[in-house]
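Student: I want to learn how to read salt bridges in a protein model. Can you take me through a case?

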Amino acid sequence: MNDINPIYQNDFGIAFQWKRDKPHESNKVQVIFRDIGLLLTTSELRYFSKCIAHTIENGKGNLCGDCKSKESCRSLLLNSPAHQITFAVSYQEAIEIRDLINGTMFRLELDSFFGELGIE
């Protein structure tokens, strides 16, 4: 953990920035959940957040009512900032990923706001 600056984490994943990154790469955030790692800019984080919201909104009605594994079934497709990649996720995983991405964006915006005020 000495090589990273943690930004946000939940039980499902973590978001951080690498300390070793060059200055032009420091605006990227490493997001890790399940066995997936994404290196994203802030605009890609915002886009991913919209994709997640869309998946959750549309996925609610697609859950099978009588299915015993509907909470863990990876029947939802979640688009990613890399347009060629789509994740198969469960409804609960989509909720957890939403928390991870939105929590990360909140912390980045809060840090930026305090930085502009000169407060560390």
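Student: How many salt bridges does this model have?

Tutor: This is a predicted model. A salt bridge needs a side-chain nitrogen of Lys or Arg within 4 Å of a carboxyl oxygen of Asp or Glu. By this rule there are 2 salt bridges.

Student: Which residue forms a salt bridge with R34?

Tutor: E93 does. Their closest N and O atoms are 3.0 Å apart. R34 sits in the loop between β3 (29–33) and β4 (36–40), while E93 is in helix α2 (residues 91–116). That pair links distant parts of the chain, 59 residues apart.

Student: And what is the partner of R74 in a salt bridge?

Tutor: E93 again. Here the closest N and O atoms are 2.9 Å apart. R74 lies in the loop between α1 (42–59) and β5 (76–79) and E93 lies in helix α2, so this pair ties together parts 19 residues apart in sequence.

Student: Is E93 buried or exposed?

Tutor: Look at relative accessibility. Buried means under 20%. E93 has 9%, so E93 counts as buried.

Student: What links R34, R74 and E93?

Tutor: A network of salt bridges links these three residues. Trace it in the structure: from R34 to E93, then from E93 to R74.

Methods. Residues are numbered from 1 along each chain as its sequence is written. This is a predicted model: local features need pLDDT of at least 70, side-chain atom pairs count only at pLDDT 80 or more; totals for chains, interfaces and linings use all residues. Side-chain values use heavy atoms; hydrogens and water are left out. Helices (H or I, at least four residues) and strands (E, at least two) are DSSP runs, numbered from the N terminus. Buried means under 20% relative accessible area, exposed over 50%, partly exposed in between (1.4 Å probe, protein chains only).
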